[in-house]
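Here is a short report on one protein model. Keep the sequence and the 3D view open while reading.

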Amino acid sequence: MKKSVVASEKPVKAKEFDKELFKRSVEYNVRTLYRKNLEEADAQQIFQAVSYAIKDRIVENWMETQKAYEKEDPKMVYYMSMEFLMGRALGNNLINLKAYKPVAEALEELGLDLNLIEDQEPDAALGNGGLGRLAACFLDSLATLGYPAYGCGIRYRYGMFKQEIRDGYQVEVPDNWLMNGNPFELRRPEYAKIVKFGGYVSVHTDENGRNVFTQEGYQSVKAVPFDFPIVGYGNGIVNTLRIWDAEPVECFQLDSFDKGDYQKAVEQENLARNIVEVLYPNDNHYAGKELRLKQQYFFISASVQEAVEKYMRKHDDIHKFYEKVTFQLNDTHPTVAIAELMRVLMDDYYLTWEEAWEITTKTCAYTNHTIMAEALEKWPIELFSRLLPRIYQIVEEINRRFILDIQQKYSNVPGVDVQEKIRKMAIIYDGQVKMAHMAIVAGYSVNGVARLHTEILKTQELKDFYEMFPERFNNKTNGITQRRFLLHANPLLADWVTAHVGDDWITDLPQISRLKVYADDKKAQQEFMNIKYQNKVRLAKYILEHNGIEVDPRSIFDVQVKRLHEYKRQLLNILHVMYLYNELKEHPELDFYPRTFIFGAKAAAGYRNAKLTIKLINSVADVVNNDPAINGKIKVVFIENYNVSNAEIIFAAADVSEQISTASKEASGTGNMKFMLNGALTLGTMDGANVEIVEEVGEENAFIFGLSAQEVINYENHGGYDPMEIFNNDQDVRKVLMQLINGTYAPGDPELFRPLYNSLLNTQCTAKADTYFILKDFKSYAEAQKKVEAAYRDEDNWAKSAILNVACSGKFTSDRTIQQYVDEIWHLDKVVLK
Ligand code: 8GP
């Protein structure tokens, strides 16, 4: 680990929380913001007043931190991401200020309930799922560990859509999260930047004989940053998430009317209005929309310009930029940063190509988050070059030089077809710009997000690149912040853990392993199960309020919450529920342990099979939940609008964590870790980070089933497998599949679920069937589910396994992940405020 820099002299962290002062400032804020007193203010107004009071405290630490960074001039990481799925800020800020309990007490003295106040805050849902939430966990860990960092992103006016379920279907409702204003953000117009789109590039030679490239005839947008404080846990550090808003440049000058530029001015205004309007709601899928590329370049250009300017405010030698700055590219979405940095260095700082390349390739590092082919970003040349003409020139040159490198490396290697290498590896090929290739060619580090995922990258997806640049590849298994997902989300369990092993786990999660000695302790087991029960009661109440479904907290809570995607196989889960229901109907005497199957998932708006799966889950719920013949033994619940806030309630209440992706498809998963931390047992495939979870907790404390990644890959390499064989030979499977098309769950429209049926069987043989091996894994899944039931009947042993899951979750803190990024990629120094 690297040395610590001790910066500020002033003690900022030990400041006692002054309850009376806090109460006065809440009252004062209500008065000055709304001209009301506490009794008159409504819940939202109180939320605002409380948040402003907390922000006042944060701002002091924020200034201290930034002053320390200014003084010590440490190296900084810029975490560049299209998505930051932050969730709510108030509760988290209180937790990290170590002020949660005193604030709750102070509010109680004012007759207010902190929980209800927290519920007034809309989620900052500037992300789709795993990738965006990972970015948020990373920011929390960076601040808590005291590493200088900026998050760089977009201030979408509308975040991830709100999901309503109407008649069993998902309906997308705009998420107007800024409607009431955001108390924690700070607008920073003094750091605004101009970002240019379109036009053409003219070249002329200057007096020194240098080629000067100028973009002309372009449209421009003003990027205005909004800063969010990222509070470290109990250390006084406050980092910044900087997200960019778009405004039109002020250019309505009279002479431009005269020149007929009125049209252009209007277009610029529209561009500004559209560019940050909405987050694209696709997870693990690339839609190729022009506006999306505009969004990417917009926030990247602004962030890169700011990073360079900030550096130059303190230094005079741009050549050493990479000593103070590193860019982590969160998937390929921010990859234009590579060409943009080249552009700034060459066009604004007059560096040569070689000088600029040297700096860029020491600055940029890339994380890959998925191997799903449909997620790989490839932009048509026509679009890319029209929108970003100068950037395209630079990408072309990177590509030209890279192809020379390939030729040089492989021309004389026997048995290597150089043309084939170029075809597979070029950045520009077949009319497309391949962003992942650029990220690897220009990045000094390429990492996957779980051990298995990184291995698959090295041996399959990115094999050629690994062969050429083996030293760049490394693994960083994902992690999650225990401060949000245990300390805040599950206060009962958090207190219980602290009572048994002290509170070091809050900043040093591996300490939680000291719980292991309690795994066999009968009293501890009972206490644990009692806490789980209370959390199930809390979730049952949420479900009743939000879904109108009554569930029994004594049943097994079997939960699958995550984005809806075919590879995540929610369909396997619900087909199995249909199978169980058939069993119960045929054998009413069956000794069946009551089970509540809980789903939560948003589907991309244009993803037909995903949306149909939601409808299927709700249709099955309708039938099963209302059939008195099964006596409430199975309940199916689809939780509307799964998001970070309700996730916190859901994880705490889960007994079984469904992590059932087709092996090799889930890069890591992070929900799996949140469940484990809250003492749920994993029912999963050997995929993503499940592999490492099982390694930590032991296979006897999880339920593993299904094909291995290698088996899946082998089938894929041989054209798949034949699901008809299973259909023909397995009566149970056949019955369930027939129920998809005989109206059992859609009496008015028996054909409704035909597309799902076809995706599994494809009787017309027009496309591959069951590409996600649902039928192939069905039996093995059903057997694992039987084991779950048997295991749950032995309550002591279940409690033991659950406690061991909590105790063995230490590896999966994002603090560990970030420390590895720091040690092995970024090489930052800690800043300690004294
Ligand atoms: C996800 C992966 O699917 C998941 O396994 C992993 O845990 C997570 O990233 C964090 O590493 N990928 C995405 O969320 C993703 O590709 N999203 C794109 C739409 C942005």
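Two strands count as paired if DSSP finds at least two bridges between them. The model is predicted.

Strand 21 (residues 556-561) and strand 22 (residues 595-600) run parallel and are joined by six bridges. Within this pair, phenylalanine 557 has threonine 596 of strand 22 as its bridge partner. Helix 21 (residues 522-547) lies across strand 21, strand 22 and strand 23. Helix 21 runs at about 70° to strand 23. Helix 23 (residues 608-625) also packs on the sheet and touches strand 22 and strand 23. The direction of helix 23 makes about 145° with that of strand 23.

The whole sheet is open and has six strands, in the order 23-22-21-24-25-26. Its pairing is parallel. Which strands form the edges? They are strand 23 (634-639) and strand 26 (703-704), and each pairs on one side only. Strands of a sheet pair through backbone hydrogen bonds, either parallel or antiparallel.

Proline 380 stands opposite glutamine 432 in strand 18.

**Strand 19 and its partners**

Strand 19 (residues 445-448) runs parallel to strand 15 (residues 364-367), joined by three bridges. Strand 19 is also joined by three bridges to strand 20 (residues 473-475), again in parallel. On the strand 20 side, glycine 448 has asparagine 475.

In a regular strand the side chains alternate between the two faces of the sheet. Strand 19 can be read that way: Ser445 and Asn447 point one way, while Val446 and Gly448 point the other way. Are these residues buried or exposed? All are buried.

The strand pairs above, side by side:

| Strand pair | Bridges | Direction |
|---|---|---|
| Strand 21 and strand 22 | six bridges | parallel |
| Strand 15 and strand 19 | three bridges | parallel |
| Strand 19 and strand 20 | three bridges | parallel |

**Lysine 674**

UniProt, in an unreviewed entry, places the feature "modified residue: N6-(pyridoxal phosphate)lysine" at Lys674. Lysine 674 is in helix 25 (residues 671-677). Lysine 674 counts as buried, at 6% relative accessibility. Leaving out residues up to four places away in sequence, lysine 674 touches Arg133, Ile480, Phe485 and Phe651.

**Helix 27**

Which residues of helix 27 (residues 709-717) are buried? They are Ala709, Val712 and Ile713. These residues cover an arc of only 95° around the axis, so they lie on the same side of helix 27. Helix 17 (451-461) is among the elements that cover them. Just after helix 27, glycine 719 takes a positive phi of about 80°.

**Valine 788**

Valine 788 is found in helix 31 (residues 774-793). Valine 788 is buried, with a relative accessible area of 0%. Apart from neighbours within four places in sequence, valine 788 is in contact with Arg595, Val656, Leu683, Phe703 and Trp798. Lysine 568 lies 220 residues away from valine 788 along the chain. The C-alpha atoms of these two residues are separated by 20 Å.

**Cysteines**

A disulfide needs a pair of cysteine sulfur atoms within 2.5 Å. How many disulfides does that rule give? The count comes to zero. Cysteine 152 is in no disulfide, and its nearest cysteine sulfur, that of cysteine 364, is 12 Å away. Cysteine 364 is likewise in no disulfide, with the sulfur of cysteine 152 as its nearest, at 12 Å. Cysteine 152 is buried, with a relative accessible area of 4%. Cysteine 364 also counts as buried, at 1% relative accessibility.

Key: Residues numbered from 1 in each chain as written. Heavy atoms only, no water. Buried < 20%, exposed > 50% of the residue type's maximum accessible area, 1.4 Å probe, protein only. UniProt positions renumbered as here; feature names shortened; annotations may be inferred. Helix = DSSP H or I, 4+ residues; strand = E, 2+ residues; numbered from the N terminus. Contact = heavy atoms within 4.5 Å. Arc of directions from axis to C-beta. Axes fitted to C-alpha atoms, helices over the stretch in contact; angles between N-to-C directions.
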